[in-house]
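Here is a short report for a reader meeting this structure for the first time. Keep the 3D view open while reading.

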Amino acid sequence: MRVDTTGKISLDHIYTRPDPRAYFSTLRELDYNIPELAKPHFQRLIADYREARDVPVPTVLDIGCSYGINAALVKHGATMAELYDRYGGRDAHRYTRAALLNRDRELVDSGEPANSVRFLGLDASDSALSYALEAGFLDGAVHADLENGEPTGEQRAQLAATDLVISTGCLGYVTERTISRIVGAHDGRLPWMAHFILRMFPFDPIADTLAAAGYETVRRGGLFKQRRFATEEEQESVLDRLADAGIDPAGLETGGWFYAQLYVSRPRD
C-alpha cells in the first residue's frame with residue numbers, strides 16, 4: 001500500500017469516487033468508527049450552543065466531510081453500522097449510483113425527524129460533496145482547498161453563516177491555515193469548534209491560532225479509537241512519530257489502533 005507523508009497508508013482513492021461504496025468497503029475492514037464515537041459529543045455541543053446563543057437551528061460546518069457521514073449520523077440519526085451495511089454490504093455492488101441516491105433520499109425523508117440543525121460540508125473532493133448534497137445529507141457545500149488558497153466571496157459568505165465547526169480526523173492534514181481562513185470569514189462572530197485529532201499530530205499550532213483569534217481551547221478527557229492500523233509498517237511509522245513527540249503509546253497505539261483526542265474551542269466571552 002502507498003503511504004503518505006505522515007507514514008499512514010494513503011486512502012485518497014476512497015474520497016474521490018462518485019459514491020461512498022469504496023469508502024465504506026475499505027474502512028469497514030479497518031473498524032473505522034470515530035464518527036460514531038464523536039456523535040454524542042457533537043450533539044451535546046450543538047445543544048449547548050442552541051441554548052447559550054438562542055439559535056433554534058444552528059449551522060454546523062464539517063471540515064473534511066467526505067460523503068456527509070457526520071451529517072447522516074448527527075442530523076438524520078443514522079449509525080455507522082447502518083451505513084456500513086448500506087454501502088459495504090454484500091449486495092451493495094448491485095446498485096447504480098442513482099439507485100443508491102434514491103435509497104438515501106428515502107432514508108432522509110422517511111427516517112427519524114431530522115434534528116434542528118443545518119450541515120454545511122467543506123471538502124476538496126467534488127465527487128464526495130456532490131453525492132452528500134444529492135442524497136440530502138448536507139444542506140450546503142463548500143468545494144475548496146483552504147490550505148492552499150483563500151475562499152471566494154461566495155464561499156466566505158457560506159462560512160460566515162456557520163455557528164459551529166467540527167471535524168473527525170482531517171486536522172493534522174488540514175492545518176491552522178484552514179482554521180484561520182474559516183475564522184477570518186466570520187469577521188469577528190466566532191463559531192464554536194470541536195475537533196477530534198489523532199495523537200500523532202500536534203494541536204498546538206491550531207490552538208495558538210485560535211487563541212490569537214480570541215478562543216479558549218480545552219482538551220476533553222478520554223481517548224477515542226479511530227481505526228485499526230492497516231499494516232505493521234503503518235503502525236511502526238506512527239509509533240516513531242509518537243516517540244519523536246514524547247508521547248507514550250503503551251497500551252494504546254501499541255495495541256494496534258489509532259487514537260484521537262477531542263479539543264473544544266469557544267470564544268472567551
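## A residue in helix α8

Start with I182, which lies in helix α8. The model is a predicted one. Is I182 buried or exposed? I182 has a relative accessibility of 0% and counts as buried.

Which residues does I182 touch, leaving aside those up to four places away in sequence? They are L61, I63, L122, L146 and V165. D123 gives another reference point for I182. The two residues are 59 apart along the chain, and their C-alpha atoms are separated by 13 Å.

## Strands β2 and β3

Strand β2 covers residues 118-123. β2 runs parallel to β3, and four bridges join the two. Within this pairing, G121 stands opposite A141 of β3. How is the unit made by β2, α6 and β3 handed? Together β2, α6 and β3 form a right-handed β-α-β unit.

Look along β3 next. The side chains of β3 alternate. G140 and V142 point to one face, and these residues are buried.

## Helix α1 and what covers it

Helix α1 spans residues 21-29. Which of its residues are buried? They are R21, A22, Y23, F24 and L27. An α-helix has 3.6 residues a turn, so residues three or four places apart point the same way.

## Salt bridges: the overall count

How many salt bridges does a search of the whole structure find? The search finds 14. Three of them are described below, each with its setting in the chain.

## K75 and its partners

K75 sits in the loop between α3 and α4. With 9% relative accessibility, K75 counts as buried. Its side chain meets that of D139 in a salt bridge, at 2.7 Å from N to O. This pair links distant parts of the chain, 64 residues apart. D139 belongs to the loop between α6 (126-135) and β3 (140-143).

K75 is buried at 9%, while D139 is partly exposed, with a relative accessible area of 34%. The side chain of K75 also reaches the backbone oxygen of V117, at 3.5 Å.

## E147 and R177

E147 pairs with R177 in another salt bridge. Their closest N and O atoms are 2.9 Å apart. What does this pair tie together? E147 lies in the loop between β3 and α7 (153-160), and R177 lies in helix α8 (residues 176-185), so the bridge ties together parts that are 30 residues apart in sequence.

Accessibility is listed for both partners. E147 counts as buried at 10% relative accessibility. R177 counts as partly exposed at 44%. Helix α8 is also where I182 lies.

## R266 and D48

R266 and D48 form a salt bridge too, with the closest N and O atoms 3.9 Å apart. Where do the partners lie? R266 is in strand β8 (residues 257-267), and D48 is in helix α2 (residues 34-53). They are 218 residues apart, and the pair links distant parts of the chain.

R266 is partly exposed, with a relative accessible area of 26%. D48 is partly exposed as well, at 30%.

## Cysteines without a bond

How many disulfides does the structure hold? It holds zero. C65 is in no disulfide, and the nearest cysteine sulfur to its own is that of C170, 9.3 Å away. A disulfide is a covalent bond between the sulfur atoms of two cysteines.

C65 is buried, with a relative accessible area of 3%. C170 counts as buried at 15% relative accessibility.

Notes:
Residues are numbered from 1 along each chain as its sequence is written. This is a predicted model: local features need pLDDT of at least 70, side-chain atom pairs count only at pLDDT 80 or more; totals for chains, interfaces and linings use all residues. Side-chain values use heavy atoms; hydrogens and water are left out. A salt bridge is a side-chain nitrogen of Lys or Arg within 4 Å of a carboxyl oxygen of Asp or Glu. Buried means under 20% relative accessible area, exposed over 50%, partly exposed in between (1.4 Å probe, protein chains only). A polar contact is a pair of N or O atoms within 3.5 Å; within protein, one must be able to donate a hydrogen and the other to accept it, and residues adjacent in sequence count only if both atoms are side-chain atoms. A disulfide is a pair of cysteine sulfur atoms within 2.5 Å. Two strands pair if DSSP finds at least two bridges between them. A crossover is right-handed if, with the strands pointing away from the viewer, the path from the first strand over the helix to the second runs clockwise. Contact means heavy atoms within 4.5 Å.
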